[in-house]
Structure formats: C-alpha cells, structure tokens
Amino acid sequence: MGVRLLTNYYETASVILFSIGFATLFLHRNLIKKIIGLNIAETAVYLYFVAKGYITGRAAPIIAGGIQEADAYVNPVPTGLILTGIVISVSVTAFALALIVKIYKQYETLDLDEIMILAGKEEEG
Amino acid sequence: MKMQNKPVGRGWVNWKTKHGKPAFRRLYAALSVVTCLSFACVLLFMVSALPPFGDPGNPAFNEVPRKYIEEGVQDTGALNIVAGMILDYRAFDTFAEACVLFTAAAAVLILLRSDGPLSAFDSLIQEMEDPRPNVILMQTASLLVPIILLFGCYVILNGHLSPGGGFSGGAILGAALILYASAYGTKRARRFIHYNVLRRTIALCLYFYALAKGYAFYAGANGIDAGIPKGTPGALFSAGLIPLLNIAVGLAVACVVYLFYILFSTGEFR
C-alpha cells in the first residue's frame with residue numbers, strides 16, 4: 001500500500017494539498033483567507049485530474065508529424081474537463097469576493113465571528 | 001433597561017459570548033483538524049488503491065480519448081486535440097462555460113455598482129483610483145503592454161494548432177489591459193475601452209458563438225452540408241469554425257477579466 005502512495009506521488013500531493021485547502025476553509029475566520037483556501041482545494045482537484053490523464057513517455061495531445069495513433073499521445077479528456085473547472089472557479093471566486101466587499105462595507109470587518117455577532121445585534125435591535 | 005438585560009444574538013453566538021470565546025474556538029479548531037485529517041486519510045487510502053501513475057493501461061484511457069485522437073483531425077480539422085474537443089465535439093459545454101463567466105461578471109456588476117450618494121468607503125476608493133504616476137511602472141508598462149497584447153493574439157489565433165486557445169489567450173489579453181490600467185490609471189484606460197465597449201463586446205461574442213455553433217449543430221444533426229470549409233489541417237485558416245470561436249471566447253474572456261479588475265478597483269460602472 002505504502003509503495004503505491006509513493007508511485008502515485010502526484011495524487012498523494014494533490015490529496016495533501018486538498019486537505020490543506022479544506023483546513024484553511026475551516027480554521028480561518030478571515031473571509032478572504034477562506035476564499036484562498038477554497039482556491040487551494042480547487043487547484044488540488046486540477047492537479048489530480050491532469051495527473052490521471054498523464055501516460056509516461058507520450059507527447060501532449062497535439063498531432064505532430066502526421067502521427068495519429070492513440071498510443072502516441074496522453075489522454076486529452078481530463079485537460080478539457082479541467083479547462084471548464086478553471087473558468088468556473090474564477091467565476092465563483094470573483095462572485096465571492098464581490099459579496100465580501102459588500103459585507104465589508106456593511107460591517108467594516110472581515111472576521112466571520114464579529115460579523116455574526118453584529119448581524120445578531122442587528123436582528124435583535 | 002429591558003434592552004440591556006436582553007441577551008444579544010442567536011443561540012451559539014450567545015453561548016460563546018457568555019462562556020468565553022477561547023473554549024469554543026479550541027473545540028472548533030480541534031474538530032475541524034480531526035475532520036480534515038480523517039478526510040485526508042480516506043483519500044490517501046483511495047490513492048493507494050489507484051492504478052500506477054503514468055500507466056498506459058490506466059482505465060481512464062478508454063475508447064473516448066482513443067476516438068478523439070484517431071479521428072479528431074478528420075472530424076474537426078484542428079491539430080490541437082483539446083481545442084477540437086472543447087470547441088467542436090463539446091462546443092455547447094464551452095458555450096455554457098462562457099455564459100457562466102458572463103453571469104459572474106453580471107453578478108459582480110450588480111453587487112459592486114455604486115449608485116446613490118457616496119459613502120466614506122467609496123470616496124476613499126475614489127481617491128485611490130488614480131494614484132500618483134509611477135515612472136518605473138509607466139515605462140515598464142509602455143514596453144510590455146504591446147508585447148503582451150501581441151502574444152495574447154498569437155495564442156488565440158493559433159489555438160487550433162498549438163497549446164493555447166480562447167481562454168488562455170483571453171486571460172493574457174486581460175492581463176495586458178490590467179497592466180495598462182494600473183500603470184496609467186483607469187481614467188486614461190477608459191478613453192479607449194469604455195464600459196459600454198466591454199459590455200457590448202461580451203454580449204456580441206456570446207451571440208456570435210451561440211448562432212454559429214447552433215447553425216453548425218443544426219446542419220450537422222439534419223445531414224445538411226453546413227458549407228463551412230475545413231481547410232488543410234495545420235494551416236492558420238483551417239479547422240472550420242474553431243478559430244472564429246476561439247476569437248469570440250478570447251475577446252469575451254479578456255473583457256470579463258478587465259471588467260472584474262475595474263469593478264474591484266473602482267466599484268464604478270458608468
């Protein structure tokens with residue numbers, strides 16, 4: 001089992017990176033740092049996908065020299081999927097940051113706990 | 001008097017303000033670390049059961065990528081298999097992707113647009129909008145912006161022949177515009193890229209994409225000859241609609257990226 005963890009080192013690294021991003025999402029109270037954690041986790045997923053598409057010794061999927069055998073190129077499908085993923089993550093990040101700007105204008109803090117207390121006070125009063 | 005005795009906030013916030021934040025925070029941190037570690041352990045077990053990295057017998061390499069590689073050039077005319085895949089086989093997926101980007105730009109616009117009287121925060125931002133001119137930044141930008149723009153155009157136009165395409169080239173173009181705006185101020189950038197230009201370019205690109213690809217799919221599904229020449233694979237003008245779609249996507253992405261920068265830096269849209 002342990003041997004496979006070392007041969008699949010890209011996947012292992014992506015799992016560790018994902019956990020770091022996930023922990024950042026949980027542990028930081030600053031909203032911007034939460035978004036950074038989310039982006040780290042997303043990057044880990046991209047690394048995982050692209051690593052699954054790689055095949056040792058084969059070229060990038062761009063036809064060169066008229067060679068059209070499937071055994072000459074790596075898998076193009078994960079690359080295409082991840083292109084979509086990157087665009088979605090940019091959109092989500094921009095939207096989240098815009099919401100954070102609005103929250104900062106309202107409460108003048110980025111600390112989630114303080115925002116919750118202020119929101120609670122607002123609801124009461 | 002009654003208001004002062006009344007506890008503030010909702011359930012867990014109340015508990016926290018009464019019994020002290022540190023206890024709650026320590027418990028929360030411990031729980032989240034345990035959750036993340038157990039999650040990582042489960043995923044590491046999964047990784048240890050995966051097929052070896054870089055193995056040709058990997059089950060992900062099935063008949064789908066095989067068909068794309070073996071028949072992609074004949075079907076789409078693009079040497080870059082990924083470009084042929086995302087702009088021909090799965091073109092509507094990419095269209096929806098561009099629409100998501102457009103929707104995000106619209107949502108950011110709605111959230112950050114400032115109308116009505118300016119608050120203290122807004123006026124502070126406006127003071128920062130056009131900072132003192134920085135000679136080093138301006139000189140570097142005047143050297144680099146044309147080169148970066150040219151490189152972005154190259155990446156977009158060669159999207160069907162080499163690595164790159166609409167999304168990456170558009171991001172490069174957007175980066176050049178952002179560099180210009182941050183060096184010379186958004187007021188000067190507004191002289192040649194007005195907000196309306198950005199808005200119309202994005203909408204026009206999406207319309208063009210939807211109509212062109214809708215026509216191609218309709219013709220293809222009904223067995224009508226669409227009349228789109230494929231050209232010789234490897235030439236700059238080849239691969240049917242793919243270069244045009246790459247240009248549309250690239251312009252839309254460049255405009256959205258620049259629009260994000262303008263909205264976040266000045267919060268204005270006029």
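**Figure 1. Lys213(B) places its charged end over the ring of Phe217(B).** In this predicted model, the charged end lies 5.4 Å from the centre of the Phe217(B) ring. Phe217(B) belongs to helix 11 (residues 195-221) of chain B. With a relative accessible area of 30%, Phe217(B) is partly exposed.

**Figure 2. Phe92(B) and Phe217(B) form a stacked aromatic pair.** Across all chains, a search of the whole structure finds 15 aromatic pairs. In the pair shown here, the ring centres of Phe92(B) and Phe217(B) are 5.1 Å apart and the planes make an angle of 20°. The pair counts as stacked because the angle between its planes is under 30 degrees.

**Figure 3. Ala141(B) is buried within helix 8 (residues 135-157) of chain B.** The relative accessible area of Ala141(B) is 0%. Leaving aside residues up to four places away in sequence, Ala141(B) touches Pro146(B), Leu179(B), Ala183(B) and Tyr184(B). The C-alpha atoms of Ala141(B) and Tyr180(B) are 6.2 Å apart, although 39 residues separate the two in sequence. As background to this view, chain B has 12 helices and zero strands, and 41% of its 270 residues count as buried. Of the contacts in chain B between residues at least 6 apart in sequence, 73% join residues at least 24 apart.

**Figure 4. Helix 3 (residues 31-53) and helix 4 (residues 77-107) of chain A pack against each other.** Their axes are 10 Å apart and the packing angle is about 180°. Helix 3 and helix 4 of chain A are therefore roughly antiparallel, the cut-off for that term being over 145 degrees. Helix 3 of chain A contributes Leu31(A), Ile32(A), Ile35(A), Asn39(A), Glu42(A), Tyr46(A), Phe49(A), Val50(A) and Gly53(A) to the contact. From helix 4 of chain A, the contact residues include Pro78(A), Leu81(A), Ile82(A), Gly85(A), Ile86(A) and Ser89(A). By class, the residues of the contact between helix 3 and helix 4 of chain A are 14 nonpolar, five polar and one charged.

**Figure 5. Asn8(A) is buried and touches residues of chain B.** Asn8(A) occupies the loop between helix 1 (2-7) and helix 2 (9-27) of chain A, and its relative accessible area is 0%. Asn8(A) touches Val47(B), Leu50(B), Pro51(B), Pro52(B) and Phe53(B), with residues up to four places away in sequence not counted. Phe53(B) also takes part in one aromatic cluster with Tyr9(A), Tyr10(A) and Tyr54(A).

**Figure 6. Glu108(A) has a positive phi.** The angle is about 55°, and Glu108(A) is not a glycine. Most residues other than glycine have a negative phi. Glu108(A) is placed in the loop between helix 4 and helix 5 (112-124) of chain A. Its relative accessibility is 61%, so Glu108(A) counts as exposed.

Key
Residues are numbered from 1 along each chain as its sequence is written. Chains are lettered from A and ligands numbered from 1 in the order in which they are written. This is a predicted model: local features need pLDDT of at least 70, side-chain atom pairs count only at pLDDT 80 or more; totals for chains, interfaces and linings use all residues. Side-chain values use heavy atoms; hydrogens and water are left out. Axes are lines fitted to C-alpha atoms, for helices over the stretch in contact, and angles run from 0 to 180 degrees between N-to-C directions. Helices (H or I, at least four residues) and strands (E, at least two) are DSSP runs, numbered from the N terminus. Angles under 35 degrees count as roughly parallel, over 145 as roughly antiparallel, 65 to 115 as roughly perpendicular and the rest as oblique. Contact means heavy atoms within 4.5 Å. Ala, Val, Leu, Ile, Met, Phe, Trp, Tyr, Cys and Pro count as nonpolar, Asp, Glu, Lys and Arg as charged, and the others, Gly among them, as polar. Buried means under 20% relative accessible area, exposed over 50%, partly exposed in between (1.4 Å probe, protein chains only). Rings of Phe, Tyr and Trp (its six-membered ring) pair if their centres lie within 6.5 Å; planes under 30 degrees apart count as stacked, over 60 as edge-to-face and the rest as tilted. A charge sits over a ring if NZ of Lys or CZ of Arg is within 6 Å of the ring centre and within 35 degrees of the ring normal.
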